Amino acid sequence: MEFVIPSPPIANAAIAGTDARFPVHRIYCIGRNYADHAKEMGAPVERGTPMFFCKPADALVADGATMSYPSATKELHHEVEMVVALHSGGSDIAEHDARSHIFAYGVGLDLTRRDLQAAAKAKGHPWDVAKAFDSSAPLSVLRPASDIGHPEHAQLTLDVNGARRQQTDIAEMIFSVPQIIAELSKLFELKPGDLIYTGTPAGVAALQRGDSWDARLEGVAELSGHIA
Ligand code: MN
């Protein structure tokens, strides 16, 4: 096929143990998936209906990268999250079948312009400018499920400049990974290459220029990064 301008590159992620890359189709995120974080945001703990939003695939930032401080915010917040990568998809996926679609796991940051999010919430506006901005999705190297299985208990931590900011066990999620996949697939046809950021625990706070982070999902992946 011929295009009238150069075709944009395919967003992609590194995979542990191979030089082959994971091509990224979409990035889905779930909000308020740990009760302690919902509480710190002053939001109700909803166990009925999950709340989803998206980021563009080209918002990814690779492990070890230095990024610029984003435009249009004075309150850039970190949210450390377990990330799931799908090798297959579908609609109306059953919870008991959901894990069969998972290729790999990783750890990422759902970076958030918290000041713009607060303004959007106050006006009933969408969250896109708060969540879906350039470089808003740092992501570790992905670790295939064929290596590590499907983690159900693992410590998820974030240190900023060597000090612990966030820590949980992923078992504390309100909606489990299979439940998230089942619910998302009712709303969207999931595709090979989709990533899902699975929510953050309490402790979200601001990142400043010059800060460095180390995120870790025990036994799965680590992610470092830096703001210039
Ligand atoms: Mn989040």
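This is a predicted model: local features need pLDDT of at least 70, side-chain atom pairs count only at pLDDT 80 or more; totals for chains, interfaces and linings use all residues.

Student: Fine. Is T157 buried or exposed?

Tutor: Buried means under 20% relative accessible area, exposed means over 50%, and partly exposed is in between, with a 1.4 Å probe and protein chains only. T157 has a relative accessible area of 9%, so it is buried.

Student: Which residues does T157 touch?

Tutor: A contact means heavy atoms within 4.5 Å. Not counting residues up to four places away in sequence, T157 touches V80, R164, Q166, Q167, D214, A215 and R216.

Student: Where does P138 lie?

Tutor: P138 lies in strand β11, residues 137–139. At 1% relative accessibility, P138 counts as buried. Leaving aside neighbours within four places in sequence, P138 is in contact with V61, G108, L109, L111, Y197, W213 and L223.

Student: How far apart in space are P138 and V4, which are 134 residues apart in sequence?

Tutor: They are 31 Å apart, C-alpha to C-alpha. Now take T49 and E183, also 134 residues apart along the chain: their C-alpha atoms are separated by 8.6 Å. T49 is found in the loop between α1 and β4, and at 60% relative accessibility T49 counts as exposed.

Student: What about R47?

Tutor: R47 is placed in the loop between α1 and β4, and with a relative accessible area of 58% it is exposed. Still, R47 touches A35, I174 and F175, not counting residues up to four places away in sequence. The C-alpha atoms of R47 and N33 are separated by 8.9 Å, and these two are 14 residues apart along the chain.

Student: How do I read the two sides of a helix?

Tutor: An α-helix has 3.6 residues a turn, so residues three or four places apart point the same way. In helix α2, residues 114–123, the buried residues are R114, Q117 and A120. They cover an arc of only 115° around the axis, which puts them on the same side of α2; the arc is that of the directions from the helix axis to the C-beta atoms. On the other side of α2, A122 and K123 are exposed.

Student: What covers the buried residues of α2?

Tutor: The cover includes α1 (35–40), β7 (76–77), β10 (112–113) and α3 (128–131).

Student: And helix α5?

Tutor: Helix α5 takes in residues 177–187, and V177, P178, I180, I181, A182, L184 and S185 are buried there. Their cover includes β3 (27–31), β4, β8 (80–86), β9 (102–109) and β15 (195–197).

Student: How should I read a positive phi?

Tutor: Most residues other than glycine have a negative phi. Just after α2, G124 takes a positive phi of about 70°. R32 has a phi near 50°, a positive value in a residue other than glycine; R32 sits in the loop between β3 and α1 and, at 28% relative accessibility, counts as partly exposed. A72 is not a glycine either, yet has a positive phi of about 65°. A72 is found in the loop between β6 (66–67) and β7, and is exposed, with a relative accessible area of 57%.

Student: Zooming out, how many helices and strands are there?

Tutor: Five helices and 17 strands. Of the 228 residues, 49% count as buried.

Student: How do I judge the overall size?

Tutor: Compare the radius of gyration, taken over C-alpha atoms, with the globule rule of 2.2 Å times the number of residues to the power 0.38. With 228 residues, a compact globule would have a radius of gyration near 17 Å, and the protein agrees at 17 Å. The C-alpha trace spans about 45 × 40 × 35 Å along its principal axes.

Definitions and conventions: Residues are numbered from 1 along each chain as its sequence is written. Side-chain values use heavy atoms; hydrogens and water are left out. Helices (H or I, at least four residues) and strands (E, at least two) are DSSP runs, numbered from the N terminus.
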